Amino acid sequence: MSALTDSPAWKKLSAHKKSIEKRHMRELFADNAQRFDDFSLQAGPIFLDYSKNLMTDETMSLLFDLARQEKLETFRDAMFAGQEINFTEHRSVLHTALRGQSDTPILSQGKNVKPDIHAVLEKMQNFSEQVRQGKWLGYSGKEITDVVNIGIGGSDLGPKMVTHALKPFVTRKINMHFVSNLDGSQIAETLSKLSSETTLFIIASKTFSTSETMFNAVTARGWFVSRVKNKEFIKQHFVAVSTNTEAVQNFGIDKNNIFEFWDWVGGRYSLWSAIGLSIVIAIGMEAFKELLKGAASMDEHFSRAPLEENMPVIMALMGVWHNNFFAVHSHAVMAYDHYLGLFPGYLQQLDMESNGKHVNRDGETVDYCTGPVIWGEQGINGQHAFYQLLHQGTQAIPCDFLAALDSYNPGCGHHPVLMSNFFAQTEALMRGKTEAEAREEMTAQGLSEDEIELLVPHKVFAGNRSSNSILFKELDPYTLGALIALYEHKVFVQGNIWRLNSFDQWGVQLGKQLASQIQFDLVDNEPVVSHDSSTNGLINYYKRFRNIEGNKLLSCDNDWSSLQEIMEQEFENKS
């Protein structure tokens, strides 16, 4: 038994779970007519109803005790103060500083980071306005019509999600494209639609050495140079978001077109930084600043509100309650909003890369579950795909339901019908349908007794399935910023409860290391025997039946200058 599971607060919650697990939420609502009022709150533009969870006042009190036992407030204050809470990488965690609205100094390793933040924001504004106003011209004197963001992970998921979510705020038509997949089909299809004269590429890589990003960057560079026949034109069509100035310049990008960010900005928290350059080009700096302000409002709430009135804390504790005491290790996010269609995918990285850990801060293997599996879909589509499992499956999966009160495209009564489904699904998950209700319903439909007996087991819904409902007036930049920050802080709180470092990601490294070694195995057609029998067999099967022409670039092994030359020659030959 670990120190956490043997702790007083944890033991009290375990005992309490036994006393409440047989209760039904129907009873809890019947016993307390004020349950909705008691278990809902507003934080800035976001409203949260968490009354449809299997818990009581006593549950919440015990959960708050657990948070205080784990010194949540102390760790929270340390993060905002710039202390190196990412201790395995000796880094501060200061994505909150990127959206802070005051000029109060925030220190990282003794240096005030605010002047650098302001300088980069100003550079982003100046550049984006040139592009948006048609003043940044390509090599032939034409305006930029298309922007391709090349990145992966946080350098792709965040900007792509926000740009999609804020489409109604696009005020100048510039086509935005996002390339992340190492499968060459994605960038090939993207490039096939573009003109070298009017395309701008943003290469987003902190180290400028991430293999997936650099292969796509080199492909884009080869495509471009093969058409313009002059490498000097790269300076007008490529910019970079990176800390590695030397590598960027070696690639051919002008040093004035490098947008800086810092090691205290984690990838999955980086959309607020220069990584958000594609967002700024899409929606403009004023809207981007509203996004920052919305996030800052949630930062303020999280940093100051008492735990009992703190939205990220409450959402996090509900997740701990389900994950650790009811053994529910999956969490679904349902967005009843077309523009939030990419939000569940964004949350997957934010949550699972942060808290998918099996050792605690002391390096000890944990004996409790940490980060859940995060998944989801747009709400209505999900209803016709996997809601059957949510309602009648053997796994009781908690859900977050998100929706705007007003739609930018209400159509002919679309939005009220959409919202009726939102409200109905949360009610159905909570209430379920009893056998008596199922019999009464079928009797009213005129079914025979034999038909009723046949169907009644299939018509019963257990209910008692937990959900949170999150509502907001409309999905504007301010609201979206607050919503993203809400989930960021929720993840932080859960990591703190589980005694994790939520800000490193060593688990993504092993596969990358092995892949870089296996690249050498794929250069020729000789059989491989250096791995386990399965890996050997798969590699040899691939080598036996592949088209060798598509694999010769691998021999360059990250020598980007050589790879660039080969790629440019490839495009030259094709054209």
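## A walk through the sheet and its surroundings

The model you are looking at is predicted, so local features need a pLDDT of at least 70 and side-chain atom pairs count only at pLDDT 80 or more, while totals for chains, interfaces and linings use all residues. Residues are numbered from 1 along each chain as its sequence is written, and side-chain values use heavy atoms, with hydrogens and water left out.

That bridge belongs to a pairing of strand S12 (residues 399–404) with strand S13 (residues 467–472), which run in the parallel sense over six bridges. Strands here are DSSP runs of E with at least two residues, helices are runs of H or I with at least four, and both are numbered from the N terminus. Two strands pair if DSSP finds at least two bridges between them.

Now step back to the whole sheet. Six strands make up an open sheet with mixed pairing, in the order S1-S2-S13-S12-S10-S11. At its edges are S1 (40–43) and S11 (373–378), each of which pairs on one side only. Neighbouring strands of this sheet are turned by 20° against each other on average, direction ignored. Helix H21 (residues 477–497) packs on the sheet, touching S2 (46–49), S10 (330–335), S12 and S13, and its direction makes about 150° with that of S13. Contact means heavy atoms within 4.5 Å; axes are lines fitted to C-alpha atoms, for helices over the stretch in contact, and angles run from 0 to 180 degrees between N-to-C directions.

What about the cysteines? A disulfide is a pair of cysteine sulfur atoms within 2.5 Å, and by this rule the count comes to zero. For Cys 399, the nearest cysteine sulfur is that of Cys 369, 18 Å away. Cys 399 is buried, with a relative accessible area of 1%, whereas Cys 412 is exposed at 81%. Buried means under 20% relative accessible area, exposed means over 50%, and partly exposed lies in between (1.4 Å probe, protein chains only).

Elsewhere, Phe 238 lies in strand S8 (residues 238–241) and is buried, with a relative accessible area of 0%. Leaving aside neighbours within four places in sequence, its contacts include Leu 200, Phe 224 and Ile 253.

Our last stop is helix H14 (residues 311–325). Its 15 residues should span 21 Å at 1.5 Å a residue, which agrees with the 21 Å between its end C-alpha atoms; the expected span is 1.5 Å times one less than the number of residues. In H14, 15 of the 15 residues are buried, so the helix is largely enclosed by the rest of the structure. Just after H14, Ala 327 takes a positive phi of about 55°.
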